[in-house]
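Hi everyone, thanks for coming.

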Amino acid sequence: MEKPASKPILIVCGVLVLALAAFFLFGRDGTPGDTSPEAGFARDMATHHAQAVDMSFIVRDKGPAKEIRNLAFDIINTQANQRGMFLGWLQQWGLDQASGQKPMAWMSGHGHGGTATPAGGAAPGSMPGMATPQELTQLKQAQGTQAEVLFLQLMIRHHEGGVQMAEGLLKLSTRAEVVSMAQKIVQGQSGEIKLMTELLKQRGAQPYPSILKPQ
């Protein structure tokens with residue numbers, strides 16, 4: 001039979017557990033905590049954007065057609081600026097730029113489907129749409145139209161992954177600045193996917209099968 005004096009102790013323990021969970025999710029002053037969707041999104045999207053910038057520099061330095069060069073320039077500028085904002089948020093929230101969590105852990109239970117890509121694609125447990133080291137090597141070695149086609153195919157899949165991540169955040173967060181950025185990513189990268197698909201068509205090529213779930 002439970003002693004009456006033990007009940008206050010259990011209540012205090014329960015409050016402490018809830019307070020600790022709230023700290024990790026929301027931080028000490030209401031800002032996102034270390035394991036929050038906002039922090040995970042900022043960290044993962046910063047890494048995701050960094051690869052897009054790297055791929056854009058690779059193709060830009062090959063002297064591609066003007067429309068490809070302009071696209072690469074836009075991606076470099078837009079995603080480098082957004083990456084700076086992600087890292088700035090983490091600093092503002094008092095969080096490290098890296099954590100011990102696995103990529104996409106913040107979307108646990110919501111699925112991201114980033115592995116179903118015929119050209120290799122991201123490994124299980126990684127961020128959707130990411131190019132593999134082998135694919136990056138192929139892009140570095142490719143020349144001319146072959147390089148343009150491979151860049152467009154890889155970047156379409158990469159953008160699809162970014163859209164998937166941003167849509168996932170929109171289901172999990174109501175924080176104004178993070179939601180606004182996620183909406184911009186969905187809109188901007190969806191528009192660039194359409195543009196890149198048309199550029200592939202002009203070169204007699206097609207995108208890889210989409211990793212996005214049918215609406």
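Predicted model: local features only at pLDDT ≥ 70, side-chain atom pairs only at ≥ 80, totals over all residues.

Residues are numbered from 1 along each chain as its sequence is written, and side-chain values use heavy atoms, leaving out hydrogens and water.

So, please find His159 in helix α5, residues 144-172; helices here are DSSP runs of H or I, at least four residues, numbered from the N terminus. Is His159 buried or exposed? His159 is buried, at a relative accessible area of 0%, where buried means under 20% and exposed over 50%, with a 1.4 Å probe and protein chains only. Its side chain makes a polar contact with the side chain of Glu192 at 2.5 Å; that term is for N or O atoms within 3.5 Å, one able to donate a hydrogen and the other to accept it.

Now the core. The largest nonpolar core has 48 residues, and Phe86 is among those with the most contacts inside it. Such a core is a set of buried Ala, Val, Leu, Ile, Met, Phe, Trp, Tyr and Cys residues joined through side-chain atoms within 4.5 Å. Helix α5 gives the most to this core, with eleven residues.

Beyond its neighbours within four places in sequence, Phe86 is in contact (heavy atoms within 4.5 Å) with residues including Phe41 and Ile185. Ile185 sits in helix α6 and is buried, at 1% relative accessibility. Its C-alpha atom is 6.5 Å from that of Val163, 22 residues apart along the chain.

Conventions:
Helix = DSSP H or I, 4+ residues; strand = E, 2+ residues; numbered from the N terminus.
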